[in-house]
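Good morning, and thank you for the time.

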Amino acid sequence: MGKQRCPQCGNKFDFELSGWICPECGLVILGSTEKKVFQQEELRKKAETNKRNNKKYGFKYYLKKKFFTMLVSVLLIFVITLGIGISVKVPDLVSKQKNIEKDALITSASAEMGELISIAPYTLEFTQAFVPDWDILPELNSINYLAVDFVTAGKNQENVLSNLSDIAWVCLHDIEADSYLAPQSAYQLTGSDENQTALYHMNVTSELDKKEGTLIFMVQSPDREYELCIFAGSEADGYGRYDVSINEQYTIPIKLTEQRAVNGS
Amino acid sequence: MKQGIKKSQRIFIWIIGILFVLEIIVLFFVSEWEGSLKREEPKLHIESAQWIPPDENIKNDFGEIFVSIKNRSVKPKCNIPNLLFMNSDDQNAFGETLMPNRYYDSLSAEGAVDYSSSEMIPPGATVDVHYRLTEQDARELDAMIRANDTVYVRLSGYISENKTYYKLQMQQEEEK
């Protein structure tokens, strides 16, 4: 059995050799005491085994700890990024809200047909206005057509996503009726797919999204006084063509020229 | 000492967790706000509103309400809005709706396509709009004048700036 400690005085001695009596304090080691001593011995052995096991499973423990640290780090990065994002977004939204609530500040300027208008980083020029006598446009009793040709330049390439229509749009002011009219798209102008495609190939558009294009307006009479209104802003809040926050307006009086041929010559 | 460090670590993790949840909630409200700003309709303001009595020489003329509407926002309003007239300035007051005389009315009548959204009120522009009264509208207006002597007009709530009501008058309007 070897030497053991006396449960009373702690003296180490061989229980069997000393006849189960402590030579120091004289305690008689009874059954219960023996059991207690045995349990203490077992606990000591268990602790030693655990210590060995901990050494054995140390890597698993390390991994668990590492995973936890990583989780906390990721959470921390999320919290910081979100915090920065929110703190940048909120002042922007507050200024947008204020812009909506206050009256629009739009600077107005007048221009002429053929004059180059600069809407940075683009330039825009309306070359001519005419009454199109094209067979592919449906004949309507109450409405006439009025077409305006334009050319644009700048970052306006067909293979580039951004173009002038992202920051500017056009409408026609019928001064007599005091009505502002939007240009019609090829789809709105014609009922058939064939004519729609033909108009599309003739660069008919409702937006300033081409290098060279033609805007077609439906008017009550071509003999009235009209002016072209160009509205420009810096950025769009949404995805629609009228989502640009406007801060500039150009007005061009319409002077009709001779009919342009269908082929554009 | 070691226990103290463990306790502060636990507090730190709790703080990060709570911050994360709070930021997610704030982010939800910020996106809702951003969405509502994108959907925001331009605010229109009635500059003047005048009742024009029917012309006795014209058959089936029941008069009209002539309104100057200004778009004070930075975006255009596509489609000329309807007008409401009522005998009370209470927000829940029942009003009669009038349709505007639109530029493309004759064209829309000619074909099946509705072109009314091609007519717009650009930012900063003021347009004069005629709201023609039908026989029933004229009766309702007459009843309102007899009952209260005052008729209020306004545009639909979501586009009317501050939901303001205007007193409709024969010569001059006054803002309430």
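I shall treat the interface, then a pair of strands, then some backbone details.

A word on conventions: this is a predicted model, in which local features need pLDDT of at least 70, side-chain atom pairs count only at pLDDT 80 or more, and totals for chains, interfaces and linings use all residues. Residues are numbered from 1 along each chain as its sequence is written, chains are lettered from A and ligands numbered from 1 in the order in which they are written, and side-chain values use heavy atoms, with hydrogens and water left out.

The contact, meaning heavy atoms within 4.5 Å, involves 49 residues of chain A and 39 of chain B. About 4000 Å² is buried between the two chains, and carbon and sulfur atoms give 67% of that area; buried area here is the accessible area (1.4 Å probe) that two parts lose on being put together, summed over both.

How many salt bridges does the rule find across this interface? It finds 1, taking a side-chain nitrogen of Lys or Arg within 4 Å of a carboxyl oxygen of Asp or Glu. The partners are A:Lys89 and B:Glu34, at 2.8 Å from N to O. On the side of chain B that touches chain A, α1 (2–39), α2 (105–110), β6 (119–121) and β7 each supply at least two residues. Of these elements, α1(B) gives the most, with 15 residues. Helices (H or I, at least four residues) and strands (E, at least two) are DSSP runs, numbered from the N terminus.

Within chain B, β2 (residues 64–71) pairs with β7 in the antiparallel sense over 7 bridges, and B:Val67 lies opposite B:Val129. B:Val129 belongs to the covered face of β7, together with B:Val127 and B:Tyr131.

Finally, the backbone. The peptide bond from A:Ala120 to A:Pro121 is cis, with omega near 5°, and A:Pro121 sits in the loop between β4 (116–119) and β5 (122–130) of chain A.

Are they buried (under 20% relative accessible area, 1.4 Å probe, protein chains only) or exposed (over 50%), with partly exposed in between? A:Asp178 counts as buried because its relative accessibility is 18%, whereas B:Asn60, at 61%, counts as exposed.

Conventions
Pairing = 2+ DSSP bridges.
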